[in-house]
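The briefing below goes with the sequence and coordinates shown next. Its points are grouped by topic.

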Amino acid sequence: MSLTEKATFAAGCFWGVEHIFNKHHKKDGITTRVGYIGGELDNPNYQQVKTGTTNHAEACEVSFDPTKISYETLVEFFYKLHDPTTENYQGPDIGTQYRSAIFYHNEEQKAIAERVTKEVQEKHYPNARIVTKIEPATKFYDAEEYHQFYLEKNPEGYACPTHYLRW
């Protein structure tokens, strides 16, 4: 039996975040699901979240075995795949639902997220401030089924132009 931990990241439209994590880390045994986190409404749906009024972020929850891939590796990868210097938007996706955020599940994750953020700031963004929020994870609500693995099911579907690996 393997240990499973969760890592939850928001970096703009959740379709692209999930797609890039799976493209590069499925081989490491991760599983993903997309959904909503960090807002005030119980059991939100896409129609509500997309208005930007619920304070939920579109997020990707990554389940992983820390003996196969570290939380630190996942946090650094999160920073590689989007622009963490833009507040409440990624490319044309604008609103609090598209914010850059790490939702930590325990104090160890918080410490790692803070350390990796500092390292990425110094190494990759010396002239622009990282605005990623590091917040405690709240209840994660699964997005509707058609959002799960959306870009795998719809290869020509919308992909945020800021979702690519920067280093």
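In which loop is asparagine 43 found? Asparagine 43 sits in the loop between strand S2 (31-37) and helix H2 (46-49), where helices (H or I, at least four residues) and strands (E, at least two) are DSSP runs numbered from the N terminus.

This is a predicted model, in which local features need pLDDT of at least 70 and side-chain atom pairs count only at pLDDT 80 or more, while totals for chains, interfaces and linings use all residues. Residues are numbered from 1 along each chain as its sequence is written, and side-chain values use heavy atoms, with hydrogens and water left out.

**Overall fold and dimensions**

- The protein has 5 helices and 8 strands, and from the N terminus on its elements run β-α-β-α-β-α-β-β-β-α-β-β-α.
- The radius of gyration, taken over C-alpha atoms, is compared with a globule rule of 2.2 Å times the number of residues to the power 0.38; for 167 residues a compact globule would have a value near 15 Å, and the protein agrees with this, at 15 Å.
- Along its principal axes, the C-alpha trace of the protein spans about 45 × 35 × 35 Å.
- If contact means heavy atoms within 4.5 Å, then among contacts between residues at least 6 apart in sequence, 77% join residues at least 24 apart.

**Surface, burial and charge**

- The accessible surface of the protein, from the Shrake-Rupley method with a 1.4 Å probe, comes to about 8,200 Å², of which 51% belongs to carbon and sulfur atoms.
- Buried residues make up 48% of the 167 residues, where buried means under 20% relative accessible area, exposed over 50% and partly exposed in between (1.4 Å probe, protein chains only).
- The protein has 18 positive and 24 negative side chains, and the centres of the two sets lie 3 Å apart; here Lys and Arg count as positive and Asp and Glu as negative, with His and the chain ends not counted, and the place of a charge is taken as NZ of Lys, CZ of Arg, CG of Asp or CD of Glu.

**Annotation from the record**

- In an unreviewed entry, UniProt lists residues 6-159 for "domain: Peptide methionine sulphoxide reductase MsrA"; such annotations may be inferred rather than shown by experiment.
- In the model, the end C-alpha atoms of residues 6-159 lie 24 Å apart, and the span is 31% helix and 23% strand.

**Helix H3 and leucine 74**

- The buried residues of helix H3 (residues 71-80) are Tyr71, Leu74, Val75, Phe77, Phe78 and Tyr79.
- These buried residues of H3 pack against strand S1 (5-11), helix H1 (14-25), strand S3 (57-64), strand S6 (100-104) and helix H4 (107-124).
- Leucine 74 of helix H3 is buried, because its relative accessible area is 0%.
- Not counting residues up to four places away in sequence, leucine 74 touches Ala7, Phe9, Phe21, Val62, Phe64 and Ile69.
- The C-alpha atoms of leucine 74 and histidine 25 are separated by 8.9 Å, although the two residues are 49 residues apart along the chain.

**Phenylalanine 14 in helix H1**

- Phenylalanine 14 has its place in helix H1 and is buried, with a relative accessible area of 0%.
- Its neighbours within four places in sequence left aside, phenylalanine 14 is in contact with Val34, Gly35, Tyr36, Glu58, Ala59, Ala143 and His147.
- Phenylalanine 14 and proline 92, 78 residues apart in sequence, are 14 Å apart in space, C-alpha to C-alpha.

**Loop residues**

- Most residues other than glycine have a negative phi.
- Asparagine 43 has a positive phi of about 50° although it is not a glycine, and at 59% relative accessibility asparagine 43 counts as exposed.
- Asparagine 88, in the loop between H3 and strand S4 (89-90), has a positive phi of about 65° although it is not a glycine, and at 26% relative accessibility asparagine 88 counts as partly exposed.
- Asparagine 88 touches Asp93, Ile94, Gly95, Thr96, Tyr98 and Arg99, not counting residues up to four places away in sequence.
- Asparagine 88 and asparagine 43 are 45 residues apart in sequence and 22 Å apart in space, C-alpha to C-alpha.
- Glutamate 87 lies in the loop between H3 and S4, and at 42% relative accessibility glutamate 87 counts as partly exposed.
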